[in-house]
Amino acid sequence: MSELVTGDAVVLELRPARLPSRALAAAIDLAIVFCVFILVSVVVGIASVTLDEAAVAAIGVALFLLVLIGGPIAVETLSHGRSLGKLACGLRVVRDDGGPIRFRHALVRGAMGAVEILMTFGVVASIASLVSARGRRLGDVFAGTLVIRERVTAKRSVAVPPPPPWLVGRFSQLDLSAVPDELWLAIRQYLTRMQQLDPGVGGSMAARLADEVVTRTGIAAPQGIPAAAFLAAVVHERQARDARRVFAGAGGASTAAPVPAGGAAGSLGFAAPGGADAPGGSGTSARSGASAGAGAEEQTRAGGSSAGFAPPG
């Protein structure tokens, strides 16, 4: 296990890939690349029968650079670090801070790979991977990347804190189709670890994630709702939609939104802004706000909110 600290002071637990899995992935990638190279060389050789030796040699060099070097670079760039070999072995190339790689990272890795893998038959890459504490070859060191294992042994997941009761169902009409999986993962990691963060750092992270969600959905967050509560409500809405789809496919179970974890309304100790009435003014929302206030009093006597949400201003 390797702990990487992002620029927002969030610790990411990643499992670096070791030499055996990396060697297997590289062997698969090289086999595919060489098959493509041979196939393209045969086709080009047939088409260039009438050319002289110098032209044929120039075409051979160009094919070597485009297929054996440019091909892996293009694949890693377009797939954000998942070539066919890495996909088969459950590996992925990421930046040192855990983010997806870009063209410049793939370019440096590919250029160094031509030297430490192709020209030395993988000897230099194997030695560098064995010496490195995180199994990195020279291309990873110069590019600032890391190969990690994506398929790991399942562990007990930490539950995402539920939103305040008066926010449940508030975003039922929100279009979440444009929110990528990477952003959902970042939001989930923040919500499950926000109590471990410094309040200032956690607040800035919540605001940044909320702004990203607003940008993706195109609808501004309601005024007076803390960013952490907004994120929890949006995640809850997505989980509710997933549950409805699963139940509908299984034979038509209830489509009501699931009750927040903890059972009792107001378990977060989060009162609705502007008094007992929840935003919207409906009778159901008013009852939810009243229940939230009662739960907040009980939670205060019991020792405070378990999810770390605080009432607005």
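This is a predicted model: local features need pLDDT of at least 70, side-chain atom pairs count only at pLDDT 80 or more; totals for chains, interfaces and linings use all residues.
A crossing is left-handed if the near helix is turned anticlockwise from the far one by less than a right angle.

**Entry: helix 7 and helix 8**

I looked up helix 7 (residues 181–193) against helix 8 (residues 199–217) and found that helix 7 passes helix 8 in a left-handed crossing. Their axes come within 11 Å and cross at roughly 150°. Angles over 145 degrees count as roughly antiparallel, and helix 7 and helix 8 are therefore roughly antiparallel to each other. I then listed the residues that meet: L183, A186, I187 and Y190 from helix 7, and G202, M205, A206, L209, E212, V213 and R216 from helix 8. Sorted by class, this contact of helix 7 with helix 8 has eight nonpolar, one polar and two charged residues.

**Entry: nonpolar cores**

I next examined the largest nonpolar core, which has 28 residues. Which of its residues touch the most other members? I noted I187, Y190, L191, F230 and L231. At least two residues of this core are supplied by each of helix 7, helix 8 and helix 9 (227–250). Helix 9 gives the largest share, eight residues.

Setting aside neighbours within four places in sequence, I found F230 in contact with F171, A210, V213, V214, A221, P222 and I225.

**Entry: helix 2 and helix 4**

I turned to helix 2 (residues 53–79) and helix 4 (residues 103–119), whose axes lie 9 Å apart at an angle of about 140°. That angle makes helix 2 oblique to helix 4. I noted the crossing of helix 2 and helix 4 as right-handed. On the helix 2 side, I listed F64, L68, I69, I73, E76 and T77; on the helix 4 side, F103, A106, L107, R109, G110, A114 and L118. By class, the contact of helix 2 with helix 4 has nine nonpolar, two polar and two charged residues.

**Entry: S132**

Last, I located S132 in the loop between helix 5 (123–131) and helix 6 (138–143).

Key: Residues are numbered from 1 along each chain as its sequence is written. Side-chain values use heavy atoms; hydrogens and water are left out. Axes are lines fitted to C-alpha atoms, for helices over the stretch in contact, and angles run from 0 to 180 degrees between N-to-C directions. Helices (H or I, at least four residues) and strands (E, at least two) are DSSP runs, numbered from the N terminus. Angles under 35 degrees count as roughly parallel, over 145 as roughly antiparallel, 65 to 115 as roughly perpendicular and the rest as oblique. Contact means heavy atoms within 4.5 Å. Ala, Val, Leu, Ile, Met, Phe, Trp, Tyr, Cys and Pro count as nonpolar, Asp, Glu, Lys and Arg as charged, and the others, Gly among them, as polar. A nonpolar core is a set of buried Ala, Val, Leu, Ile, Met, Phe, Trp, Tyr and Cys residues joined through side-chain atoms within 4.5 Å. Buried means under 20% relative accessible area, exposed over 50%, partly exposed in between (1.4 Å probe, protein chains only).
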